[in-house]
Amino acid sequence: MENKLYVLKDYGHIEVCLKEKMDEQHITRNALARAINTRFEVIDK
């Protein structure tokens, strides 16, 4: 896997590698949800 936050596929699909970046920064989904003022379920999707 590339070391990027997202990968743009040739056919128009964008894949976000959020889990890997969260692991690198030691951020939980709850902490991220609080930081961006949303619910953790949104992070899961």
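Modeller: Before we start, a helix here is a DSSP run of H or I with at least four residues, and helices are numbered from the N terminus. Also, this is a predicted model.

Colleague: Fine. In which helix do Asp-23 and Lys-19 both lie?
Modeller: Their side chains meet in a salt bridge, at 3.0 Å from N to O. The two residues are 4 apart, about one turn of the helix. Both lie in residues 18–25, which is helix H1.

Colleague: Is Lys-19 buried, partly exposed or exposed?
Modeller: The cut-off for exposed is over 50% relative accessible area. Lys-19 has 54%, so this residue counts as exposed. For Lys-19, then, the label is exposed.

Colleague: What is the relative accessibility of Lys-21?
Modeller: Buried means under 20%, so Lys-21 still counts as partly exposed. Glu-24 is partly exposed too, at 45%. For Lys-21 the value is 21%.

Colleague: How far apart in sequence are the parts that Arg-29 and Asp-44 tie together?
Modeller: The side chains of Arg-29 and Asp-44 meet in a salt bridge, 2.6 Å from N to O. Arg-29 lies in helix H2 and Asp-44 in helix H3, so the pair ties together parts of the chain whose separation is 15 residues.

Colleague: How exposed is Asp-44, as a relative accessible area?
Modeller: Arg-29 counts as partly exposed, at 37% relative accessibility. Asp-44 is partly exposed as well, and its relative accessible area is 45%.

Colleague: How many salt bridges does a search of the whole structure find?
Modeller: We've talked through Asp-23 with Lys-19, Lys-21 with Glu-24 and Arg-29 with Asp-44. Those are among the total, which is 4.

Colleague: What pattern does the protein follow along the sequence?
Modeller: There are 3 helices and 2 strands. Read along the sequence, they give β-β-α-α-α.

Colleague: Where is confidence lowest?
Modeller: The protein averages a pLDDT of 81, and 80% of the residues score at least 70. Helix H2 has the highest confidence, at 91. Where pLDDT is low, the predicted coordinates should not be read in detail. The lowest mean, 68, belongs to residues 6–8, strand S1.

Key: Residues are numbered from 1 along each chain as its sequence is written. Side-chain values use heavy atoms; hydrogens and water are left out. pLDDT is the predictor's confidence in each residue, from 0 to 100. Buried means under 20% relative accessible area, exposed over 50%, partly exposed in between (1.4 Å probe, protein chains only).
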